[in-house]
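Dear colleague,

Please find below the structure that I am handing over to you. My findings follow directly after it.

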Amino acid sequence: MACAAVLVPGLLRSSSGTICSPAASLKLTSTALRHLTLTRVDFFIPGVSVVGGFSICSSPRLLEEERMIELAVKYTNHPPALWIHNQCTLDSEVAVRVGGEFFFDPQPADAPRNLVLIAGGVGINPLLSILRHAADLHREWADKGGGYEMGTIKLFYSAQNTSELLFKKNILDLVNEFPEKIVCRLHVTKQTTQISAELKPYITEGRITEKEISDHVSKETLFYICGPPPMTDFFSKQLENSRVPPEHICFEKWW
């Protein structure tokens with residue numbers, strides 16, 4: 001069962017810029033945006049009849065402090081993605097609708113929670129946003145001794161090979177910054193080349209297993225899953241069978 005939704009009604013006007021690489025990082029700015037822990041942006045592009053739906057990969061703090069969100073958009077033949085990679089420039093204008101049903105937004109008085117994040121392929125995008133948000137909460141607690149007290153975060157991320165493990169440097173930077181709080185296990189299912197020395201300690205060959213996830217079941221733990229539908233269905237069902245409360249299982253499918 002998905003978490004409760006937090007939605008922003010209507011459309012917000014934004015300016016955007018893009019880095020045209022195989023997975024473009026897009027930034028949007030708008031004085032109308034508020035500090036929101038949401039995960040999706042619908043793009044309404046002038047001259048493009050198809051609405052684009054993209055996941056936010058930045059922390060809510062970036063929006064709060066710099067009035068900006070970041071999206072990772074894979075190069076495909078989908079018209080909105082093509083527009084972003086081939087036509088979008090700095091100060092291009094689009095209308096966006098921000099929302100989502102897949103977020104982590106604890107309040108300072110809430111009980112500490114551990115997080116288990118399970119990602120497949122480009123499903124890492126919204127989970128990276130949650131991971132970055134959790135890291136910001138750890139920093140706030142360490143620097144100010146207040147705010148929300150985060151538990152541990154464990155990321156399980158699977159892709160075909162290491163070149164398809166998106167944001168691996170960002171992820172490992174957070175692991176190294178918070179070695180006692182953030183742990184990651186990167187899975188590759190079809191690796192044919194040598195794995196770099198930097199990545200090797202974090203790599204497991206083969207799929208994420210049922211046991212890896214079940215080992216972390218506890219009443220203090222929330223599970224977030226995003227990936228191909230069969231993967232999402234498998235792990236959400238497994239967690240239900242392990243008697244994890246439905247409100248502790250949050251998932252988003254990409255197709």
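Is phenylalanine 234 buried, partly exposed or exposed? The model is a predicted one, and in it phenylalanine 234 is partly exposed, because its relative accessible area is 44%, which lies between the limits of 20% and 50%.

Aromatic pairs

The model contains 5 aromatic pairs. In one of them, the ring centres of phenylalanine 104 and tyrosine 148 lie 6.2 Å apart, and because the planes meet at 75° the pair is edge-to-face. This pair connects distant parts of the chain, its members being 44 residues apart. Phenylalanine 104 belongs to the loop between strand 6 (92–99) and strand 7 (114–120), whereas tyrosine 148 belongs to the loop between helix 3 (124–144) and strand 8 (153–159). Phenylalanine 104 is buried at a relative accessible area of 4%, and tyrosine 148 is buried at 2%. Phenylalanine 234 and phenylalanine 235 also form an edge-to-face pair, with 5.0 Å from centre to centre and 80° between the planes. Phe104 and Tyr148 are part of one aromatic cluster, together with Phe102 and Tyr224.

Strand 8 and its surroundings

Strand 8 is mostly covered, with 6 of its 7 residues buried. It pairs with strand 7 in the parallel sense over 6 bridges, and leucine 117 stands opposite leucine 155 of strand 8. Strand 8 also pairs with strand 9 (residues 182–188), again in the parallel sense, over 7 bridges. Here lysine 154 has valine 183 in strand 9 as its bridge partner.

Two β-α-β units involve strand 8. Strand 7, helix 3 and strand 8 make a right-handed unit. Strand 8, helix 4 (residues 168–177) and strand 9 make another right-handed unit.

The crossing in which helix 3 passes helix 4 is left-handed.

Individual loop residues

Aspartate 91, in the loop between helix 2 (79–86) and strand 6, has a phi near 80°, a positive value in a residue other than glycine. Aspartate 91 counts as exposed, because its relative accessibility is 57%. Phenylalanine 167, in the loop between strand 8 and helix 4, likewise has a positive phi, of about 60°, although it is not a glycine. Phenylalanine 167 is partly exposed, with a relative accessible area of 22%.

Finally, threonine 209 sits in the loop between strand 10 (203–205) and helix 5 (210–214). Threonine 209 is partly exposed, its relative accessible area being 37%. The C-alpha atoms of threonine 209 and phenylalanine 156 are separated by 9.8 Å, while the two residues are 53 residues apart along the chain.

With kind regards

Definitions and conventions:
Residues are numbered from 1 along each chain as its sequence is written. This is a predicted model: local features need pLDDT of at least 70, side-chain atom pairs count only at pLDDT 80 or more; totals for chains, interfaces and linings use all residues. Side-chain values use heavy atoms; hydrogens and water are left out. Helices (H or I, at least four residues) and strands (E, at least two) are DSSP runs, numbered from the N terminus. Buried means under 20% relative accessible area, exposed over 50%, partly exposed in between (1.4 Å probe, protein chains only). Rings of Phe, Tyr and Trp (its six-membered ring) pair if their centres lie within 6.5 Å; planes under 30 degrees apart count as stacked, over 60 as edge-to-face and the rest as tilted. Two strands pair if DSSP finds at least two bridges between them. A crossover is right-handed if, with the strands pointing away from the viewer, the path from the first strand over the helix to the second runs clockwise. A crossing is left-handed if the near helix is turned anticlockwise from the far one by less than a right angle, and right-handed if clockwise.
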